[in-house]
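Please look through the sequence and the structure shown here.

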Amino acid sequence: MKYRKLGKTGIKVSEISLGTWQVGGKWGSGFDDTLAERIINEGIDAGVNFIDTADVYEAGASEAAVGRVVKSRSEEIFVATKCGRQINPHVNKGYTVEVLRKYVEDSLKNTGLDCLDLIQLHCPPTEVFYRPEIFELFDRLKDEGKIKNLGVSVEKVEEGIKAIEYPNVNTVQIIFNMFRQRPSELFFEQVQKKDIGVIVRVPLASGLLTGKFSSDSTFEKEDHRFFNREGAVFDKGETFSGVPFDVGLQAVDELKMVFPQRENLAPIALRWILDFPEVSCIIPGASKVEHLKSNLQAVELPSLTEDEKVAVNHIYDKYIKKHVHQLW
């Protein structure tokens with residue numbers, strides 16, 4: 001494993017870390033504690049030292065599993081969780097200092113940890129980023145010893161740029177991949193100037209960039225790749241990175257021609273992200289140990305050649321850009 005600095009936190013985190021949205025099984029399958037603990041332990045065995053979870057993942061089951069495993073290990077493992085998405089309806093006025101404080105304290109109880117290494121606002125409505133009192137709360141929580149660092153998870157580049165105006169925001173979690181390239185422009189320039197840790201989520205575009213899907217692929221009704229393609233439940237950019245499925249398949253077919261030696265494109269797609277020095281770590285999910293092992297291969301791959309990078313950008317410009325670039 002290789003490690004990078006997580007911005008001004010000073011923490012060194014594994015380049016390939018672990019996201020736990022579906023760590024207990026595939027989307028909509030319920031939560032398998034044994035499977036979750038196995039995947040998390042296997043990740044730590046391989047050098048993963050940063051685990052991202054959230055209070056809403058499987059109604060707290062993911063947070064609890066992360067806490068159990070971390071407490072059972074002797075290694076120093078950094079835990080990041082998120083708060084805010086329990087607010088229903090998920091609107092600006094639902095965000096209050098009192099509500100968020102309770103969520104943080106609930107996460108401490110659920111994980112069994114004394115202090116959270118990183119707490120992140122979980123894709124709040126854009127208006128929340130213009131409310132200083134929300135961000136000031138986390139200074140008080142830090143003074144109380146309940147959190148060490150504050151970060152934000154965002155849907156849009158503009159939200160990330162606004163968030164880092166607050167001096168106590170140390171990290172930004174954002175969607176960035178071969179099919180969502182806009183963060184590499186102004187956003188990366190700004191985070192580099194301010195020494196902000198960048199945590200990349202949805203790096204494989206909900207599996208599209210594995211190269212394993214086809215027009216015949218189907219998804220269960222509980223899977224967001226079935227029900228959220230048009231943003232019916234949450235931001236559609238979280239599903240296939242906002243790319244229409246059929247368009248994504250066309251783009252992937254061309255990617256396979258760029259990397260003909262690769263039956264599984266996932267490690268290549270992750271390596272592409274790691275070639276950006278502004279990235280601190282990537283948090284791909286894994287519903288099977290095999291997915292975890294596939295993701296970890298990216299660390300050992302050489303950087304893409306300049307010709308390969310040009311080819312990836314050409315495919316993005318040809319198929320993807322018009323569908324996503326200015327929306328997020």
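**Helix packing and a loop residue**

Helix α1 passes α10 in a right-handed crossing, a crossing being right-handed if the near helix is turned clockwise from the far one by less than a right angle, and left-handed if anticlockwise. Helices here are DSSP runs of H or I with at least four residues, and strands are runs of E with at least two, numbered from the N terminus. This is a predicted model, in which local features need pLDDT of at least 70 and side-chain atom pairs count only at pLDDT 80 or more, while totals for chains, interfaces and linings use all residues. Residues are numbered from 1 along each chain as its sequence is written, and side-chain values use heavy atoms, without hydrogens and water.

Two packed helices are described by the angle between their axes and the distance between the axes. For α1 (residues 33-45) and α10 (residues 289-296), the angle is about 25° and the axes are 9 Å apart. That makes α1 roughly parallel to α10 (angles under 35 degrees count as roughly parallel). In this packing, R38, I39, E42 and G43 of α1 meet V289, L292 and K293 of α10, where contact means heavy atoms within 4.5 Å.

The loop between β10 (281-282) and α10 holds K288. K288 is partly exposed, with a relative accessible area of 47%; buried means under 20%, exposed over 50%, and partly exposed in between, with a 1.4 Å probe and protein chains only. From K288 to P244 there are 44 residues in sequence and 26 Å in space, C-alpha to C-alpha.

Helix α8 covers residues 245-258. Its buried residues include F245, V247 and L249, and the buried residues of α8 pack against α11 (306-324).

Technical notes: Expected span 1.5 Å × (residues − 1). Axes fitted to C-alpha atoms, helices over the stretch in contact; angles between N-to-C directions. Parallel < 35°, antiparallel > 145°, perpendicular 65-115°, else oblique.
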